[in-house]
Amino acid sequence: MTTVRVIGVEGFKALHSRIWLNSLLIGMLSPAAIGLGFLLAHDQIVKNNAYVWSSYEQVIFFFFAVMLGSVMVASLTGLTLTDESRFNTLKSVLTSGVTRGEYLFGKLLFVALWVIAEMAAFTLTALLVGTALGLQGEHINIFWSALLVETACLLALVPIFFLVALLSNNFFVIAGVGVGFSFITLLLNVFGSGRQYMGFFPGSTSTAYILVLANQFAAKQDIQPLAWGITLAAISLASLVITWLMMKRRDIQ
């Protein structure tokens, strides 16, 4: 029950924080922005027979994965470990008899649940905007598989960013790491020779997957999804173990 208490305290902080509440808008920003672009370029897109679901899906997922996803997860993860004093909630948690493991797990689980809520907002907005635009196509070719991969990748990043947050105990450092992840992903995509390595970098695994679905990988550069999944899981698990060991070696601050 102490883990539940930690989650409850994190929920209280989130509901009373403009940063957390406004972060939900991030999940709506990408579909809305790309939808506006589609609307402004409507005539040209229709002329080229490109006004379809598949192109819209590819663009919004790619934009979200490269520009927003890593930064969002890093920032929210940093807040969970650096924002106790502002709400004076740490005393409430510690007096409940929570252990270091329960404290860590509760925060990890809360961020994971929030990431899922972000992706739900993203999904709903994407479907509403796409439908409102009247996008054509019998099937939503990429949407659901890309959605699952993107969500899994963002969840796998949580323990990685937790480790950085624990080492630095500085919100700006962890937020900067999130920006760095996005920048590296962008560089790997811009330089075609780097695309074959995108699946093995935790910030860009989902981007590489989306590129494969969009047939933008050359056959020789294709990476098997199983290898991506194993690599991502190994990096995430290693970060989680190191984070746990660090929590055992220092007091909760």
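This is a predicted model: local features need pLDDT of at least 70, side-chain atom pairs count only at pLDDT 80 or more; totals for chains, interfaces and linings use all residues.
## The overall layout

Welcome to the structure. Read from the N terminus on, its elements run α-α-α-α-α-α-α-α-α-α-α-α. Of the 253 residues in the protein, 49% are buried. Contacts also reach across the sequence: among those between residues at least 6 apart, 79% join residues at least 24 apart.

## The nonpolar core

The largest nonpolar core holds 59 residues, and the members that touch the most others are Trp20, Phe38, Tyr56, Phe61, Val73 and Leu154. At least two residues of this core come from each of helix 1 (2-15), helix 3, helix 5 (53-82), helix 8, helix 9 (143-168), helix 10 (171-190), helix 11 (205-213) and helix 12 (225-249). Which helix gives the largest share of this core? That is helix 9, with 13 residues.

As a general background, nonpolar side chains tend to be buried together in soluble globular proteins.

Leaving aside residues up to four places away in sequence, Leu154 touches Phe64, Gly69, Ser70, Met72, Val73, Val115 and Met119. One of these, Val73, is itself listed with Leu154 among the core members that touch the most others.

## Two helix pairs

Two packed helices are described by the angle between their axes and the distance between the axes. The table gives these values for two pairs.

| Helix pair | Axes come within | Crossing angle |
|---|---|---|
| Helix 3 (residues 26-40) and helix 8 (residues 100-133) | 7 Å | roughly 20 degrees |
| Helix 9 and helix 10 | 9 Å | roughly 140 degrees |

Take helix 3 and helix 8 to start with. Their axes cross at roughly 20 degrees, which means that helix 3 is roughly parallel to helix 8. The crossing of helix 3 past helix 8 is right-handed. On the helix 3 side, the contact is made by Ile26, Gly27, Met28, Ser30, Pro31, Ala32, Gly35, Phe38 and Leu39, and these meet Glu118, Ala121, Phe122, Thr125, Ala126, Val129 and Leu133 in helix 8. Sorted by class, the residues of this contact are 11 nonpolar, 4 polar and 1 charged.

Now turn to helix 9 and helix 10. Their axes cross at roughly 140 degrees, so helix 9 is oblique to helix 10. Helix 9 passes helix 10 in a crossing that is right-handed. Helix 9 brings Leu157, Ile160, Phe161, Val164, Ala165 and Ser168 to the contact, while helix 10 brings Val173, Ile174, Val177, Gly178 and Phe181. The classes here are 9 nonpolar, 2 polar and no charged residues.

Between these two helices lies a loop, and Asn169 is found in it. Is Asn169 buried or partly exposed? Asn169 counts as partly exposed because its relative accessible area is 45%. The phi of Asn169 is near 55 degrees, a positive value in a residue other than glycine. For background, most residues other than glycine have a negative phi.

## Gly27 in helix 3

Gly27 sits in helix 3 and takes part in the contact with helix 8. Its relative accessible area is 0%, so Gly27 is buried. Apart from residues up to four places away in sequence, Gly27 touches Phe64, Glu118, Ala121 and Phe122. Along the chain, Gly27 and Thr125 are 98 residues apart, and their C-alpha atoms are separated by 7.9 Å.

## Helix 11 and Thr207

How many of the 9 residues of helix 11 are buried? The count is 7, and helix 11 is mostly covered. The buried residues are Thr205, Ser206, Thr207, Ala208, Tyr209, Ile210 and Leu211.

Thr207, found in helix 11, counts as buried because its relative accessibility is 0%. With residues up to four places away in sequence left out, Thr207 touches Phe62, Ala65, Val66, Thr185 and Met198.

## Ile19 in helix 2

The last stop is Ile19, in helix 2 (residues 18-23). Ile19 counts as partly exposed because its relative accessibility is 46%. Ile19 and Ser75 are 56 residues apart in sequence, and 9.5 Å separates them in space, C-alpha to C-alpha.

Key: Residues are numbered from 1 along each chain as its sequence is written. Side-chain values use heavy atoms; hydrogens and water are left out. Axes are lines fitted to C-alpha atoms, for helices over the stretch in contact, and angles run from 0 to 180 degrees between N-to-C directions. Helices (H or I, at least four residues) and strands (E, at least two) are DSSP runs, numbered from the N terminus. Angles under 35 degrees count as roughly parallel, over 145 as roughly antiparallel, 65 to 115 as roughly perpendicular and the rest as oblique. A crossing is left-handed if the near helix is turned anticlockwise from the far one by less than a right angle, and right-handed if clockwise. Contact means heavy atoms within 4.5 Å. Ala, Val, Leu, Ile, Met, Phe, Trp, Tyr, Cys and Pro count as nonpolar, Asp, Glu, Lys and Arg as charged, and the others, Gly among them, as polar. A nonpolar core is a set of buried Ala, Val, Leu, Ile, Met, Phe, Trp, Tyr and Cys residues joined through side-chain atoms within 4.5 Å. Buried means under 20% relative accessible area, exposed over 50%, partly exposed in between (1.4 Å probe, protein chains only).
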